[in-house]
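Please look over the sequence and the model shown below before reading on. The report then goes from the whole chain down to single residues.

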Amino acid sequence: MKQTVRILPGVYMVGSSDMTSSGDCMVYLVDCTSELALIDAGVNPNIDMIGSNIRSLGLEPNNISTLFVTHCHIDHAGGATSFRTRYGCKTIAHKLDSNAIEQADSYLTGAFLYRRDLIQCEVDVKLSGSDGKIRVGDKTFRWIHTPGHTPGSIAILLNTSGGNILFAQDIHGPFMPEFNSKISDWVKSAKKLIKLDFDVLGEGHFGIFRPQDKAVEYIKSCLTRYGYR
Ligand SMILES: [Zn+2]
Ligand SMILES: [Zn+2]
């Protein structure tokens with residue numbers, strides 16, 4: 001099994017398909033000093049392992065105050081209710097994906113592909129609009145609405161002392177009518193991300209890309225795959 005990865009000062013990967021559970025997306029942790037923030041929750045059953053990975057970094061999972069759910073898919077949102085119940089963290093998602101999470105819609109959440117049910121989860125903070133900032137402990141997270149893969153997908157940009165990281169889970173797609181995907185929206189979203197100022201890209205399934213030109217090259221390769229540039 002893969003070990004936790006330190007990406008930048010205070011930014012870690014604590015879950016992934018080859019670290020915690022085969023269905024997990026990449027789960028990122030940000031140390032906000034007095035609190036911890038998680039970016040995505042994985043598919044679910046192995047939140048214990050994510051918790052022990054956090055402890056292995058010398059951090060306390062009980063300090064997770066905030067869970068950003070980048071979109072409604074089960075590999076990202078499946079563990080949300082377990083984290084929320086166990087650690088009392090608040091869940092944050094875009095309002096355009098919140099209903100799917102709260103109602104555990106089998107198609108919109110992609111649960112039908114995993115042959116399991118998403119455990120429904122209340123979304124405490126429903127984001128609306130295209131962009132905003134959220135303060136957690138000593139860190140400020142900028143969220144950017146990036147529709148396309150799902151209607152309410154978001155990316156998150158964080159400045160650290162070691163550089164800026166962009167979390168753009170599932171910017172690679174895929175696009176399915178069951179997800180209400182809209183490829184023309186995705187093209188705009190991907191192009192918007194390319195213009196941001198970041199040094200590292202944290203992807204949802206394909207890991208870490210750096211420096212920025214490599215990350216941009218990766219996003220462009222996703223566009224090329226679908227015939228866009
Ligand atoms: Zn997805
Ligand atoms: Zn995913």
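**How to read the model**

This is a predicted model, in which local features need pLDDT of at least 70 and side-chain atom pairs count only at pLDDT 80 or more, while totals for chains, interfaces and linings use all residues. Residues are numbered from 1 along each chain as its sequence is written, and chains are lettered from A and ligands numbered from 1 in the order in which they are written.

**The whole chain**

The chain has seven helices and 13 strands, where helices (H or I, at least four residues) and strands (E, at least two) are DSSP runs, numbered from the N terminus. Its radius of gyration is 16 Å, close to the 17 Å that the globule rule gives for 229 residues, so the chain is as compact as a globular protein of that length. Here the radius is taken over C-alpha atoms, and the rule is 2.2 Å times the number of residues to the power 0.38. Along its principal axes, the C-alpha trace spans about 45 × 40 × 35 Å.

Of the 229 residues in the chain, 48% are buried; a residue is buried if 20 or more other C-beta atoms lie within 10 Å of its own, exposed if 12 or fewer, and partly exposed in between, with C-beta atoms placed from the backbone. Two residues are in contact if their C-beta atoms, placed from the backbone, lie within 7 Å. Among contacts between residues at least 6 apart in sequence, 63% join residues at least 24 apart.

**The nonpolar core**

In soluble globular proteins, nonpolar side chains tend to be buried together. A nonpolar core is a set of buried Ala, Val, Leu, Ile, Met, Phe, Trp, Tyr and Cys residues joined through C-beta atoms within 7 Å. The largest such core here has 65 residues, and those with the most contacts inside it are Tyr-28, Leu-38, Leu-67 and Ile-156. Strand β10 gives the most to this core, with five residues.

Leaving aside neighbours within four places in sequence, Leu-67 is in contact with several residues, including Leu-38, Ala-41, Phe-83 and Ile-92. Phe-68, which is found in strand β5 (residues 64-68), is in contact with Ala-37, Ile-39, Ile-92 and Ile-156 when its neighbours within four places are likewise set aside. Why does Phe-68 count as buried? It does so because 26 other C-beta atoms lie within 10 Å.

**The sheet around β10**

An open sheet of six strands has the order β8-β9-β10-β11-β12-β13, with mixed pairing; two strands pair if DSSP finds at least two bridges between them. Its edge strands are β8 (131-136) and β13 (208-209), each of which pairs on one side only. β10 is mostly covered, since five of its seven residues are buried.

| Strands | Sense | Bridges |
|---|---|---|
| β9 (residues 139-145) and β10 | antiparallel | five |
| β10 (residues 154-160) and β11 (residues 163-168) | antiparallel | five |
| β11 and β12 (residues 200-203) | parallel | four |

Bridge partners can be followed across the sheet: Phe-141 has Leu-158 in β10 as its partner, Ile-156 has Phe-167 in β11, and Phe-167 also stands opposite Gly-202 in β12. β10 and β11 form a hairpin with two residues between them. β11, helix α6 (residues 183-194) and β12 make a right-handed β-α-β unit, right-handed meaning that, with the strands pointing away from the viewer, the path from the first strand over the helix to the second runs clockwise.

Most residues other than glycine have a negative phi, and most peptide bonds are trans. Asp-40 has a phi near 75°, a positive value in a residue other than glycine, and Asn-44 has a positive phi of about 145°. Asp-40 lies in the loop between β4 (36-39) and α1 (47-56), and Asn-44 is found in the loop between β4 and α1. Asp-40 counts as buried because it has 28 C-beta neighbours inside 10 Å, and Asn-44 because it has 23.

Two peptide bonds are cis: that from Gly-173 to Pro-174 has omega near 0°, and that from Arg-210 to Pro-211 has omega near -5°. Pro-174 is found in the loop between β11 and α6, whereas Pro-211 is found in the loop between β13 and α7.
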